[in-house]
Amino acid sequence: MHPAYNLMRHVYGWLLLTPAAILLIAFTHYPTVATFYESLFSKGTAIRPSRFVGSANYQAMIEDPIFWKVLVNNLWFAAGTIPVSVALAITMAMLVNRSLPGRSFLRMAYFTPTILPMIAVANIWLFFYSPDIGLIDQILGWFGLPGHNWLGDPATVLPAIIVMTIWKEAGFFMIFYLAALQNLPPELEEAAKLEGASRWYYFRRVVFPLLMPTTLFVLVNAILNSFKLVDHLFVLTKGGPDNASNLLLYYIYENAFSYFDTNYAATLTVVLLTMLAIMALAQFFFLDRRIHYR
Amino acid sequence: MTGIEITHLVKQWGELRAVDDVSFTVDEGTLTVLLGPSGCGKSTILRMIAGLETVDGGEVHIGGRNVTRQDPAERGVSMVFQSYALFPHLNVRENILFGLKVRRVEPKERESRLTNAVRMVGLEALLDRKPAQLSGGQRQRVALARTVVANQPVCLMDEPLSNLDAKLRAEMRDEIHRLQRSLNLTMVYVTHDQTEAMSMADQVVLLKDGQIVQIGSPGELYEQPATDFAAQFLGTPPMNVLPIAELETQDFTSDGSCFLGIRPEKIRLADSGLAVEVSAVDYMGAETVLRLRHHDNTLMARIDGRTDAVPGDHLHIVWSREDVHLFSKEGIRLGDR
């Protein structure tokens with residue numbers, strides 16, 4: 001091979017890679033590395049400039065009770081939203097995947113929560129949850145039941161946000177399930193029907209396993225979303241009362257932009273990134289082997 | 001007694017009558033082919049027998065029982081789909097056993113039926129494969145094994161060979177026929193391929209536009225086609241159907257018969273007779289198919305072996321009177337001459 005020609009081939013290759021590489025490096029790799037680097041330094045003030053402290057920030061984090069509270073909140077939040085919204089999504093998709101009158105209207109209705117901007121959604125639910133004048137308390141009032149400050153009570157604030165998130169996410173996941181269901185050949189159901197399989201048996205033995213690739217995709221997304229929730233908290237509770245509804249990313253936001261401790265925020269971010277990476281890898285490795293891809 | 005009796009069956013798709021007053025009987029242990037061009041309603045009839053399609057009129061009886069409104073699973077039928085309908089996430093074994101597990105057949109019984117079915121269709125080595133790892137013919141065999149283990153007296157087949165290549169098709173055709181006879185299945189087989197119908201059927205039901213054109217054995221349909229459509233649908237190349245008025249031969253007085261049909265293999269070359277021009281010559285080895293033109297009509301002739309004719313040649317053709325079929329202006333058979 002001619003050396004100049006060989007060189008040109010390499011140049012072409014790199015030129016073609018450059019746009020994607022720039023985007024990835026500038027917005028993914030560099031920020032990740034920079035965050036990790038920053039987490040090793042102390043918070044800088046006018047008097048005491050930032051200096052290298054090694055793992056001191058991580059030590060502080062382990063001793064920070066709010067961090068643990070936020071992390072536990074987040075686990076409850078994930079455990080409360082993901083299974084229910086996935087189950088709801090499958091159910092809704094099965095419901096609207098049949099020929100029934102007003103089918104497209106129904107599909108749209110299920111999908112509407114997803115189209116609405118997060119802030120608008122949060123405002124709607126803020127009205128639902130408001131004490132006394134809110135929708136829920138008014139309906140309770142009709143039946144002579146006492147109202148409740150849903151977002152003001154540490155015991156009910158997290159469940160209240162979980163309910164709202166399920167409402168918003170189930171419709172979104174439904175779209176993926178609907179697409180997957182429409183890819184199933186109708187003969188499979190007919191073949192099962194001829195053998196006398198009940199609807200539930202057919203769902204359990206055929207539909208659900210064939211939906212597994214979609215479920216994996218949805219699960220990864222749902223877990224990422226549950227750790228990425230900020231906007232709702234911002235409008236509804238600001239993490240309160242007493243951090244009862246505070247989640248990891250919102251805590252990071254508070255540290256960075258309310259307390260201006262960017263180094264501690266970077267430390268928390270590193271932990272969040274590591275956790276997400278481990279979970280994504282675990283899902284792909286453990287579930288992938290059991291999934292049938294067509 | 002597990003024959004099938006179809007009486008005045010109707011299926012309406014909005015304005016369109018997809019199946020229009022169809023009646024026929026399938027005797028126990030015989031193979032009936034529903035034959036016709038696409039859109040003639042043959043698959044719809046099959047699906048109505050299976051119970052996968054609702055019946056808009058008429059009745060379906062299987063084994064003397066009226067099953068018209070019965071659940072598909074209770075009709076005692078198994079079915080092979082054009083796409084085979086194998087479950088892609090299950091291996092061959094699980095695919096074959098699916099129905100038996102649904103019906104809660106004893107594990108021991110399941111195993112013995114599986115072993116038997118797998119041996120019959122030659123899938124012993126492939127039990128742990130997924131459908132995606134099988135060839136078209138092997139998938140077809142899995143679908144067949146599924147019908148065998150089902151132990152149902154009636155088997156319905158919806159164009160089971162249309163996804164296979166020509167060589168495999170002939171092989172699987174023999175296999176299906178062999179299975180049907182050895183298990184004494186009452187089989188209804190849907191196809192648009194007249195070779196399949198000719199070679200397998202005990203009885204052919206020829207359909208067009210949702211209506212029955214003719215019912216009979218392959219021989220009857222071939223030798224005494226009821227209409228010009230039947231005449232041209234069976235046989236390759238199809239029968240030549242020519243307007244008598246345009247033929248110079250004076251053999252046929254005008255007794256209302258307007259069309260003359262003659263099979264390509266009954267045409268002989270001669271020194272005198274109908275004058276035709278050769279427009280194409282297809283040499284097939286054992287035979288040669290000549291495409292001939294007579295005025296504005298095209299006709300085919302099948303000649304044994306090879307011929308020296310080339311396109312543009314002028315030839316004369318003759319045929320025997322007893323090989324002629326006559327059809328009325330409406331295409332209805334007029335009786336042999």
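How many residues of domain 1 of chain B are in contact with domain 2 of chain B, and how many of domain 2 take part? Nine residues of domain 1 touch eleven residues of domain 2. Please bear in mind throughout that this is a predicted model.

Let me place these two domains. In chain B, domain 1 covers residues 4-230 and domain 2 covers residues 235-334. Their C-alpha centres are 37 Å apart. Between them, the two domains of chain B bury about 810 Å², and carbon and sulfur atoms account for 49% of that area. Helix H7 of chain B, residues 218-223, supplies the largest share of the domain 1 side, namely three residues. As to polar groups, six residue pairs are in polar contact between domain 1 and domain 2 of chain B, counting pairs with both residues at pLDDT 80 or more. Zero salt bridges are found across this domain interface.

I turn now to the interface of chain A and chain B. Here 17 residues of chain A meet 23 residues of chain B. The two chains bury about 1,900 Å² between them, with 68% of it on carbon and sulfur atoms. On the chain A side, A:Leu194, A:Glu195 and A:Arg205 lose the most area to chain B, and together they make up 38% of what that side buries.

What of charged pairs? There are three salt bridges between chain A and chain B. One of the residues that form a salt bridge is B:Arg47, whose partner is A:Glu190, with the closest N and O atoms 2.7 Å apart. In chain A, the elements giving two or more residues to this side are helix H8 (186-194) and helix H9 (199-228). H8 of chain A gives the most, with seven residues.

Finally, the sheet in chain B. Four strands form an open sheet in the order E2-E1-E4-E5, with antiparallel pairing. Its edge strands are E2 (16-26) and E5 (65-66), each of which pairs on one side only. Within the sheet of chain B, strand E1 (residues 4-13) and strand E4 (residues 57-62) are joined by five bridges. Across E1, E2 and E4 of chain B lies helix H1, residues 42-50, which runs at about 115° to E1.

Thank you for your attention.

Methods: Residues numbered from 1 in each chain as written. Chains lettered and ligands numbered in written order. Predicted model: local features only at pLDDT ≥ 70, side-chain atom pairs only at ≥ 80, totals over all residues. Heavy atoms only, no water. Pairing = 2+ DSSP bridges. Contact = heavy atoms within 4.5 Å. Axes fitted to C-alpha atoms, helices over the stretch in contact; angles between N-to-C directions. Domains from an automatic or database assignment. Buried area = accessible area lost by both parts, 1.4 Å probe. Salt bridge = Lys/Arg side-chain N within 4 Å of Asp/Glu carboxyl O. Polar contact = N/O pair within 3.5 Å; in protein donor to acceptor, adjacent residues only side chain to side chain.
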